[in-house]
Amino acid sequence: MKFLLFAVGHKQPEWVEMACQEYLKRLPREISVQVFAIKPEPREGKTREQLLAAEGIRIRQNLKSFPRARLVALDEKGEDLTTRQFAGRLQDWLTLGETIAFLIGGADGLEDELKAKARDILRLSSLTLPHGLARTLLCEQLYRASSLLGGHPYHREG
């Protein structure tokens with residue numbers, strides 16, 4: 001199974017890259033994750049809609065190489081899953097054998113057109129998260145969910 005992570009944002013601090021790589025290397029061999037850093041649109045003199053549209057174009061350009069990928073948008077108004085529920089969703093995706101493309105927007109989120117094309121819209125937290133932390137949290141949850149599916153004990157059930 002292949003996961004793609006398209007993340008709008010500036011170069012991330014070293015701790016973000018290190019944390020993401022640590023969680024991603026722990027994934028089972030049958031799960032791979034490829035991260036695509038999308039350049040944010042310069043903000044000066046532009047409306048929110050213009051920023052989102054420009055970043056949306058960049059995301060879609062990168063998605064062209066994966067025309068059959070199932071889009072999963074991360075959005076503050078998305079479905080709120082527990083870790084166990086996220087593992088169930090991961091199992092569903094594994095069963096379908098689809099390539100999953102997670103979309104993390106920039107400071108203003110994702111444009112409505114991308115969210116409308118997404119088959120799933122999830123939220124990582126009710127809290128506002130810095131971009132790097134959201135990316136790290138997604139990598140950690142992919143690892144945790146795959147661990148649950150692999151039969152590893154889950155400390156929250158007991």
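## Before we go on

This is a predicted model, in which local features need pLDDT of at least 70 and side-chain atom pairs count only at pLDDT 80 or more, while totals for chains, interfaces and linings use all residues. Residues are numbered from 1 along each chain as its sequence is written, and side-chain values use heavy atoms, with hydrogens and water left out.

Helices (H or I, at least four residues) and strands (E, at least two) are DSSP runs, numbered from the N terminus. Strands pair if DSSP finds at least two bridges between them.

## The sheet

Five strands make up an open sheet, lined up as β2-β1-β4-β3-β5 with parallel pairing. Out at the edges sit β2 and β5 (120-123), each with a single partner strand, so one side of each has no neighbour in the sheet. From one strand to the next, the twist averages 30°.

## Around β1

Strand β1 (residues 2-8) is mostly covered, with six of its seven residues buried (buried means under 20% relative accessible area, with a 1.4 Å probe and protein chains only). On the β4 side, F3 stands opposite I100.

With strand β2 (residues 32-38), β1 pairs in the parallel sense over seven bridges, and there A7 faces A37.

A69 belongs to the loop between α2 (48-63) and β3. Its relative accessibility is 15%, so A69 counts as buried. Leaving aside residues up to four places away in sequence, A69 touches L4, T99 and A101 (contact means heavy atoms within 4.5 Å). What separates the C-alpha atoms of A69 and I100? The gap is 5.5 Å, although A69 and I100 are 31 residues apart along the chain.

## Two crossing helices

The axes of helix α3 (residues 83-96) and helix α5 (residues 131-149) come within 9 Å and cross at roughly 75°. That makes α3 roughly perpendicular to α5 (65 to 115 degrees). Among the residues in contact are F86 and L90 of α3 and L142 and L149 of α5.

Key: Buried means under 20% relative accessible area, exposed over 50%, partly exposed in between (1.4 Å probe, protein chains only). Axes are lines fitted to C-alpha atoms, for helices over the stretch in contact, and angles run from 0 to 180 degrees between N-to-C directions. Angles under 35 degrees count as roughly parallel, over 145 as roughly antiparallel, 65 to 115 as roughly perpendicular and the rest as oblique.
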